[in-house]
Amino acid sequence: MIFENARGFADALPDGGVLLGLDPGTKTVGVAMCDAGWRFATAGKTLPRGKFGPLKEALAALLAGRKVAGIVIGLARNMDGSEGPRAQAARALARNLDEAFALPILLWDERLSTAGAERAMIEQDMSRARRAERIDSHAAAVILQAAIDALSASFLD
C-alpha cells in the first residue's frame with residue numbers, strides 16, 4: 001500500500017519496527033534507517049540507480065538484516081507543489097517496491113532535504129569530496145527524520 005499522508009501510513013504499520021528511508025536521485029538512491037522506536041534516522045548506504053533488479057536485490061539484503069515495518073520514499077516536488085519527472089520516478093519506484101516487498105510505503109515531500117543535508121554536512125566540516133559521496137544517504141536521513149517526527153505526532157493526536 002502506498003500512502004501520501006502520515007496517518008494512513010501509521011495505521012498500516014505494525015507496532016514498532018524499523019523504517020527504511022530512500023532518497024531516489026537520478027544516479028543513486030540514498031538509504032537511511034531509523035530505530036524501532038522511531039526516534040532517530042541514521043544515514044546508511046548510497047546505492048547505484050539503474051535497472052530495478054539490482055536495486056531490489058540490494059534493498060532485499062538490507063530488509064533481511066533488520067525488522068523493517070515500512071518504507072519512506074522522498075517525493076521530489078517543485079517549490080510550487082507541482083510534480084515533475086523526478087516525482088514520477090519516485091512514484092514508479094514506490095509501485096515497484098510495493099510489488100516486490102508488500103510493505104506500507106509513504107511518499108514524503110522532500111523539498112529542501114538535500115539542502116538541509118548539505119548544510120548539516122558542512123557544519124560537520126565534511127570535505128567536499130566526502131559530501132558528494134554521502135549527500136544522498138544524508139538526504140534520506142533528513143526525509144526519514146521528518147517523516148518519523150510526523151508519525152510520532154500523529155500517534156499523539
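1. From the N terminus on, the elements of the protein chain follow the order β-α-β-β-β-α-β-α-β-α-α. That comes to five helices and six strands, where helices (H or I, at least four residues) and strands (E, at least two) are DSSP runs numbered from the N terminus.

2. This is a predicted model, in which local features need pLDDT of at least 70, side-chain atom pairs count only at pLDDT 80 or more, and totals for chains, interfaces and linings use all residues. Residues are numbered from 1 along each chain as its sequence is written, and side-chain values use heavy atoms, with hydrogens and water left out.

3. Of the 157 residues of the protein chain, 45% count as buried; buried means under 20% relative accessible area, exposed over 50%, and partly exposed in between (1.4 Å probe, protein chains only). The chain exposes about 8000 Å², of which carbon and sulfur atoms supply 54%; accessible areas come from the Shrake-Rupley method with a 1.4 Å probe, and for residues only the protein chains shown count as cover.

4. Among the contacts in the protein chain with a separation of 6 or more, 68% are accounted for by residues 24 or more positions apart. A contact means heavy atoms within 4.5 Å.

5. Helix 3 (residues 85–101) has 17 residues and should span 24 Å at 1.5 Å a residue, which agrees with the 24 Å between its end C-alpha atoms. The expected span is 1.5 Å times one less than the number of residues.

6. The buried residues of helix 3 are Ala87, Ala90, Leu93, Ala94, Leu97 and Phe101. Seen down the axis of helix 3, they fall within an arc of 115°, so they line one face of the helix; the arc is that of the directions from the helix axis to the C-beta atoms. Pro85, Gln88 and Glu99, on the other side of helix 3, are exposed.

7. The cover over the buried residues of helix 3 includes strand 1 (2–3), strand 2 (18–24), helix 2 (52–65), strand 5 (68–75) and strand 6 (105–109).

8. Ala102, a residue other than glycine, has a positive phi, near 50°. Ala102 lies in the loop between helix 3 and strand 6, and is exposed, with a relative accessible area of 63%.

9. Trp38, also a residue other than glycine, has a positive phi, near 60°. Trp38 is found in the loop between strand 3 (28–34) and strand 4 (41–48). At 8% relative accessibility, Trp38 counts as buried.
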